[in-house]
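Here are a few notes to go with the model you are looking at.

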Amino acid sequence: MIPLAPNLDDIDFDGLLAAARARLPALAPQWTDYNYHDPGIMLVELLAWLADSQIYSLARNRQDEQAAMARLLGVSARGAVPAQGMLFPADAPDTIHRVIAGSVLKPVREAVPRLEAAADMDVLPVEISRVATDYPDGHRDDHTAVNARARATFAPFGEDGDGTLRIELSRLPGIAWPAATPLLLSIGVEVDGAGPAQPPQRDGRVHAHDAAGRTLDRRLDSTFGLQRSGVIIVVIDPATFGDAIVLRPGHDYALSPRLVRVSANALPVAQRATIALPVYRGNDRPGQTISVTPGDLFLADELVEERTWRISDAEDAVAVITLDAAMSRWTPGRLDPAGPDDRRFSVAERADGSSIRLRFGNGINGRTPAPEETIAVTLTLSCGSGGDVRHPVDWLLDGQRTMWRNRTPIEGGQNAQSVGTTLAAVRTGLASNRVLATAREIEDAALALDPALAMVRATVIEGWEPNRAQPAIAATRTLIVGHRFAGRETQDWLARIRRAVVPRIAIGERLVIAAPSYRPFTAAVTLRLAPGADRADVAKRVRAMLTGRFDTAKAAWPLGRDVDAEAMAGWIRRVEGVGGDVEVRLTAAGGIAGRIPVGKGELPQLVAPAEITIMEGPR
């Protein structure tokens, strides 16, 4: 990022002193002693030091200048970002009760900051009895055993993405359910490789239905369509609910997520504290202030050493409301451009979190609170990165006996930014989002996208466009991207990659995003067994070798490389247990051939395990 202020600090003390001494012969011919012991030289040194200090000060950007620069760039210093996560009841629920958003959870023994519930949910006496993927042809993959293991994963919509995830629940006995009261059912989802703080993208939606196919009212989906670990909360009617939730990907769904675990009664939490200050009364004087010491707002058992509470990055982190009939809201911001009747206040916070000051207008720049005007102030504070919890902790919900535990980390907290760190973050962002100039940069940027896209291949072909003898524009590159499962490169999937990569291409250049064209083939192998080798083991090793060579999930075969039967025979001869005689026959569209030609942007696809015929004995 180019600084808006010129660099004025282009000369130092030594340069100023040398320039002054060089001018002495012309200005003072009678002055002949220029050594350091001369009193005149001492005065010149003093003036050079003063000038150097002034130049240094002029070349530094003041805080207000840095803030103005940030506003020109459309950014501002953000507050502390709360860590996020989810908790689960430590014991099976024995009653039905609701947890209200904002409820406080305190650690039982660990020295970590308090949490707040991030949404309303009902703790229900249920457990998950089955997790399965249903397919249109009636086939079902049961993941219940995998879901019970801590580290195993499964594809919720099947490897081809054409299924639906069915989550069946069983009610614990001996607890009566309300007949007509809607309940908030919460499902926690742990996504492999995607924590709760991963930034979500527009990769399609996941719809929730009950067992009868009725669409459920979804109150929260912090997974953003199973892009990251989080909580899905839906409204159910106990009288008609069939004890099953069905998650169905939308038509534009572009992901291939893998889930670690699905659990009931997940409570979404954020590491923050929402605190209402004592009511403040106006006095109609200009520049009225409210000063707060955050450390005085917490109970003794809520303060943790080496944790600093700062204003969070939420839009309403500092809420000021006049308690009148209209509940008039004041707006945070700079007072300079405010008019006499504007309800505006400014917020000043010390970097060490020791104080927060709210200032109101003076009647010219911003309205002054009227005499006896009753004002309510609410602060939302967070410890930023100090609120991350990496290991399981027991939590006690305020006012209830239910014990909660975080099985997965509570993470994603970030410390509050100053103006300087904001500009530094802008510079870093500009550097990381710079124009993609080389083929390697384009390929690396594509492979760095959301892991749930399941992209395993990204290869740039210069000066070529699919299905054209010559590209429409000379400065054209084609990025061939491959899915973990060949053939899953849908138009929605390609569009997701296009939205992320194409805007970073230089003006005047053109980037085409395309999927590989697959050339299916089969292979038949006839080989002679080496003396003493086991027939079944040799056949297994040969098939595994050929499958690995052409495995599209590992991007093993280069784009555009032909498949040659003689080369394949050479690979097979090197397999342990294979004798000297090997013959390979390749079958593709058009009959049997010794070579399968593969063009630009194409990949060979071994569509079935190799047919292997084994001969024994000497030649």
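1. Let's start in a loop: Asn265 sits between β14 (259-264) and β15, where helices (H or I, at least four residues) and strands (E, at least two) are DSSP runs numbered from the N terminus. Asn265 has a positive phi of about 60 degrees although it is not a glycine. Most residues other than glycine have a negative phi. With a relative accessible area of 3%, Asn265 is buried (buried is under 20% relative accessible area, exposed over 50%, partly exposed in between; 1.4 Å probe, protein chains only).

2. Before going on, a word on the source: this is a predicted model, in which local features need pLDDT of at least 70 and side-chain atom pairs count only at pLDDT 80 or more, while totals for chains, interfaces and linings use all residues. Residues are numbered from 1 along each chain as its sequence is written, and side-chain values use heavy atoms, with hydrogens and water left out.

3. Glu372 also has a positive phi of about 60 degrees without being a glycine. Its loop runs between β23 and β24 (374-382). Glu372 is exposed, at a relative accessible area of 55%.

4. Strand β15 (residues 267-270) includes Ala270, which counts as buried at 7% relative accessibility.

5. Now the rings, where the count comes to 9 aromatic pairs (rings of Phe, Tyr and Trp, the last by its six-membered ring, pair if their centres lie within 6.5 Å; planes under 30 degrees apart are stacked, over 60 edge-to-face and the rest tilted). Tyr280 and Phe360 are stacked, at 6.2 Å centre to centre and 5 degrees between the planes. This pair links distant parts of the chain, 80 residues apart: Tyr280 belongs to strand β17 (residues 280-281) and Phe360 to strand β23. Both Tyr280 and Phe360 are buried. The rings of Phe550 and Trp557 are stacked too, because their centres are 4.7 Å apart and their planes at 25 degrees. Ring pairs also join Tyr280, Trp330, Phe345 and Phe360 into a cluster.

6. Which residues line the largest cavity? They are Arg457, Phe550, Asp551, Thr552, Ala556, Trp557, Leu603 and Pro604. On a 1 Å grid over the protein atoms alone, a cavity is a set of points where a 1.4 Å probe fits but cannot get out, a pocket is an open set with protein on both sides within 12 Å along at least five of seven lines, and lining residues have an atom within 4 Å of a point. The cavity's volume is about 30 Å³, meaning the space filled by probe spheres set on grid points, which are joined across faces, edges and corners.

7. The largest pocket holds about 1400 Å³ of space. Its lining has 35 residues, with Ser76, Ala77, Val347, Ala348 and Val419 nearest the centre. Elements giving two or more residues to this lining include α3 (63-72), β22 (344-349) and α5 (419-432). The largest share, 5 residues, comes from α3.

8. Finally, helix α1 (residues 13-27) has buried residues Leu16, Leu17 and Leu24. Seen down the axis of α1, these fall within an arc of 95 degrees, so they line one face of the helix (the arc is that of the directions from the helix axis to the C-beta atoms). On the other side of α1, Asp14, Ala22, Arg23 and Ala26 are exposed.
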